[in-house]
Amino acid sequence: MDSPTKSRKTLCIEDLRQRILTQALEPGSYLDETDLAESYGISRPPLREILRQMAGEGYLVLHENRGAQVAPMTYKTMRNFFLAAPMIYAAVSRLAAENARPDQIALLKETQAAFRDAIRRGNAADRALMNERFHSIIGEMADNEYLTPSLRRLLIDHTRIGMTFYSPRFPGMTDVQSVAADQHDLFIERIEAGDADGAADLAVAHWELSRAQIESFVTPESIRRPLGRAPGA
């Protein structure tokens, strides 16, 4: 395979990942192979290799008769997301503090700078993508072949959820994003210091910040308000 074709494949997979993470391709939607092949200038066989790879990573679900579907976000997946997230994030952060290399820490700092810049600019997509990249690097630091696939799958849905509720349109999000950015700085400090317990504890606190915002978004304030007396009561 020649180099230009490899470049088109790389562009295709990176762009599809980004479109899924930012919900430009909505959860549960189906992909048209013909349109994708034309859009990215590649033939169907390498495109199908890409789709199989992305299915293995958790971005897509492949159906025998209907093709590739963007991974749905259902009640079941959200329930399992809430159950698994704190355990996996804590374990990955602990291992990252034990195993991180200096070059990985430097990359984490660069990504954190980009994350803060996205917050300053109010760019929700860049904020979500840089947050995903930040935690992916922590996963690379952990270097655990059992945890890495689970972390990757968590981050796909966490990023997609973040595109929904981390928006400047919602009151209070500025303060929440500021706290999240400060916690990222603490991650860097504790990982660089080799503080495994501290990094694991921070991961749980960082998750709780997200969990509270997710729950407040999916349960609007009006639902908590009493509806008044029933007729005839």
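The protein chain contains 10 helices and two strands; helices (H or I, at least four residues) and strands (E, at least two) are DSSP runs, numbered from the N terminus. Along the sequence, the elements follow the pattern α-α-α-β-β-α-α-α-α-α-α-α. What you see is a predicted model, in which local features need pLDDT of at least 70 and side-chain atom pairs count only at pLDDT 80 or more, while totals for chains, interfaces and linings use all residues. Residues are numbered from 1 along each chain as its sequence is written, and side-chain values use heavy atoms, with hydrogens and water left out.

Let me turn to confidence. The term pLDDT stands for the predictor's confidence in each residue, from 0 to 100. The protein chain has a mean pLDDT of 89, and 86% of its residues reach 70 or more. Where pLDDT is low, the predicted coordinates should not be read in detail.

Next, the interior. Of the 233 residues in the protein chain, 40% are buried; buried means under 20% relative accessible area, exposed over 50%, and partly exposed in between (1.4 Å probe, protein chains only). Contacts, defined by heavy atoms within 4.5 Å, can also be sorted by separation along the chain. Among those between residues at least 6 apart in sequence, 72% join residues at least 24 apart.

A nonpolar core is a set of buried Ala, Val, Leu, Ile, Met, Phe, Trp, Tyr and Cys residues joined through side-chain atoms within 4.5 Å. The largest such core has 29 residues, and those with the most contacts inside it include Phe-81, Tyr-89, Val-92 and Met-141. Which helices each supply at least two residues of this core? They are H4, helix H5 (102–121), helix H6 (124–142), helix H7 (147–165), helix H8 (173–192) and H9. The largest share, eight residues, comes from H4. Val-92 touches Ile-138, Gly-139, Ala-142, Leu-147 and Leu-151, leaving aside residues up to four places away in sequence. A second, separate core of 21 residues includes Leu-25, Tyr-40, Leu-51 and Met-54.

I now come to the aromatic rings. Rings of Phe, Tyr and Trp (its six-membered ring) pair if their centres lie within 6.5 Å; planes under 30 degrees apart count as stacked, over 60 as edge-to-face and the rest as tilted. A search of the whole structure finds five aromatic pairs. Phe-81 counts as buried because its relative accessible area is 4%, whereas Phe-82 is partly exposed at 25%. Phe-82 also pairs edge-to-face with Trp-207, at 5.7 Å centre to centre and 70° between the planes. This pair links distant parts of the chain, with Phe-82 in helix H4 and Trp-207 in helix H9 (residues 196–218), 125 residues apart. Trp-207 has a relative accessible area of 2%, so this residue is buried. Phe-81, Phe-82, Tyr-89 and Trp-207 form one aromatic cluster.

Consider next a histidine in helix H6, His-135. Is His-135 buried or exposed? His-135 is buried, because its relative accessible area is 10%. Its side chain makes a polar contact with the side chain of His-184 (3.4 Å). A polar contact is a pair of N or O atoms within 3.5 Å; within protein, one must be able to donate a hydrogen and the other to accept it, and residues adjacent in sequence count only if both atoms are side-chain atoms. Not counting residues up to four places away in sequence, His-135 touches Leu-151, Leu-155, His-184, Phe-187 and His-206.

Asn-99 is found in helix H4 (residues 75–99) and is partly exposed, with a relative accessible area of 38%. The side chain of Asn-99 reaches the backbone oxygen of Ala-142 at 3.3 Å. Asn-99 and Asp-143 are 44 residues apart in sequence, yet 7.6 Å apart in space, C-alpha to C-alpha. Where does Asp-143 lie? Asp-143 is in the loop between H6 and H7, and counts as exposed because its relative accessibility is 63%. The phi angle of Asp-143 is near 55°, a positive value in a residue other than glycine.
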